[in-house]
Amino acid sequence: MVPDLRAARSPPFGPRSRWPAETAGMTDPGAPYQVLPVSPAEWIQYRDIRLRALAEAPSAFGSSWELERVRPDAAWRERTVASPERQTWSARSSQAWVGLVAAVREEDDQLQLVSMWVDPIWRRRGVARGLIAAVVAWWRPDPGAGLHLWVSSDNVAALACYQAEGFRLTGVRLSLPSDPSRSRVEMRFSEPG
Ligand SMILES: CC(C)(COP(=O)(O)OP(=O)(O)OC[C@H]1O[C@@H](n2cnc3c(N)ncnc32)[C@H](O)[C@@H]1OP(=O)(O)O)[C@@H](O)C(=O)NCCC(=O)NCCS
């Protein structure tokens with residue numbers, strides 16, 4: 001029987017509260033990190049970093065902390081199962097997970113980069129660059145499929161990051177489903193050169 005670890009391991013914070021340093025990767029922000037695929041055995045770490053992301057940057061995502069915190073364990077575990085339709089990676093320091101990204105295959109077969117988040121203490125250290133590189137390497141054998149993403153048009157850091165890492169604006173702009181007064185723009189990866 002799989003023990004219910006939620007009471008012991010759930011993040012002890014809400015969307016506007018602060019989380020303890022040891023769970024937020026704040027203890028050694030200068031240390032090296034690795035980008036690795038997330039495995040089903042790591043679904044609790046995945047759940048915790050995803051909820052941290054939604055709490056820390058609520059306007060950056062289509063989903064919300066309130067919606068996802070009630071997901072059942074099986075649904076979290078399922079999201080970590082790698083398949084041709086979905087793959088998730090995390091950036092890990094020696095002490096904590098410090099970044100997250102995923103790629104999902106859409107009905108027309110193209111890949112969408114989603115769920116990008118880096119712990120604030122770890123930003124501007126190349127973590128997102130490493131996460132994007134993992135997604136691009138996964139996508140590259142099938143370039144005909146296309147790799148794209150959506151980003152809020154007011155998310156200056158993410159726009160600059162995606163631009164720096166090879167994504168270009170497609171000119172497509174839609175309103176945000178969660179807040180129709182704001183818009184999201186599409187970016188598509190194009191190989192350098
Ligand atoms: C956007 C985000 C993922 C960037 O992560 P990061 O690890 O800090 O990015 P990197 O250090 O890998 O930056 C790579 C390049 O992107 C650009 N960049 C990243 N953040 C930037 C910023 N705040 N301002 C300007 N350029 C930026 C730079 O060119 C940078 O290279 P450099 O530092 O050598 O100049 C991070 O700010 C974040 O998690 N934001 C909140 C969540 C979010 O907005 N997610 C995107 C959802 S679509």
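The legends below describe close-up views of a predicted model of a protein chain with a ligand. Residues are numbered from 1 along each chain as its sequence is written. Because the model is predicted, local features are described only at pLDDT of at least 70 and side-chain atom pairs count only at pLDDT 80 or more, whereas totals for chains, interfaces and linings use all residues.

**View 1. The protein chain and the confidence of its prediction.** The protein chain has seven helices and seven strands, where helices (H or I, at least four residues) and strands (E, at least two) are DSSP runs numbered from the N terminus. Read from the N terminus, the order of these elements is α-α-β-α-α-α-β-β-β-α-β-α-β-β. Of its 193 residues, 28% count as buried, a term that requires 20 or more other C-beta atoms within 10 Å of the residue's own, while 12 or fewer make a residue exposed and values in between make it partly exposed, with C-beta atoms placed from the backbone. The mean pLDDT, which is the predictor's confidence in each residue on a scale from 0 to 100, is 86 for the protein chain, and 83% of the residues reach 70 or more. Over residues 1–27 the pLDDT is below 50, although this stretch has 33 contacts in the model beyond near neighbours in sequence, a contact being two residues whose C-beta atoms, placed from the backbone, lie within 7 Å. Where pLDDT is low, the predicted coordinates should not be read in detail.

**View 2. The shell around the ligand.** The ligand is surrounded by 19 residues, of which the closest are Arg123, Ala128, Ala157, Ala160 and Ala164; a residue is near the ligand if its C-beta atom, placed from the backbone, lies within 6 Å of it. Two or more residues of the shell are given by each of strand 4 (111–118), helix 6 (127–139) and helix 7 (156–164), and the largest share, five residues, comes from helix 7. By class, the shell holds 13 nonpolar, two polar and four charged residues, where Ala, Val, Leu, Ile, Met, Phe, Trp, Tyr, Cys and Pro count as nonpolar, Asp, Glu, Lys and Arg as charged, and the others, Gly among them, as polar.

**View 3. Two loop residues with positive phi.** Most residues other than glycine have a negative phi. Aspartate 109, found in the loop between strand 3 (97–105) and strand 4, has a phi near 85 degrees, and aspartate 109 is exposed because 11 other C-beta atoms lie within 10 Å. Arginine 124, in the loop between strand 4 and helix 6, has a phi near 60 degrees and is exposed, with 10 other C-beta atoms within 10 Å.

**View 4. Glutamine 112 and its surroundings.** Glutamine 112 is found in strand 4 and counts as partly exposed, with 16 C-beta neighbours inside 10 Å. Its C-alpha atom is separated by 5.0 Å from that of histidine 148, 36 residues apart along the chain. Leaving aside neighbours within four places in sequence, glutamine 112 is in contact with Ala103, Val104, Glu106, His148 and Leu149.

**View 5. The pairing of strand 7.** Strand 5 (residues 147–152) and strand 7 (residues 179–189) pair in the antiparallel sense over five bridges, where pairing requires that DSSP finds at least two bridges between two strands. Arginine 188 in strand 7 is the bridge partner of histidine 148. Strand 6 (residues 167–176) also pairs with strand 7 in the antiparallel sense, over seven bridges, and a hairpin joins strand 6 to strand 7 through two residues. Valine 185 in strand 7 is the bridge partner of arginine 173.
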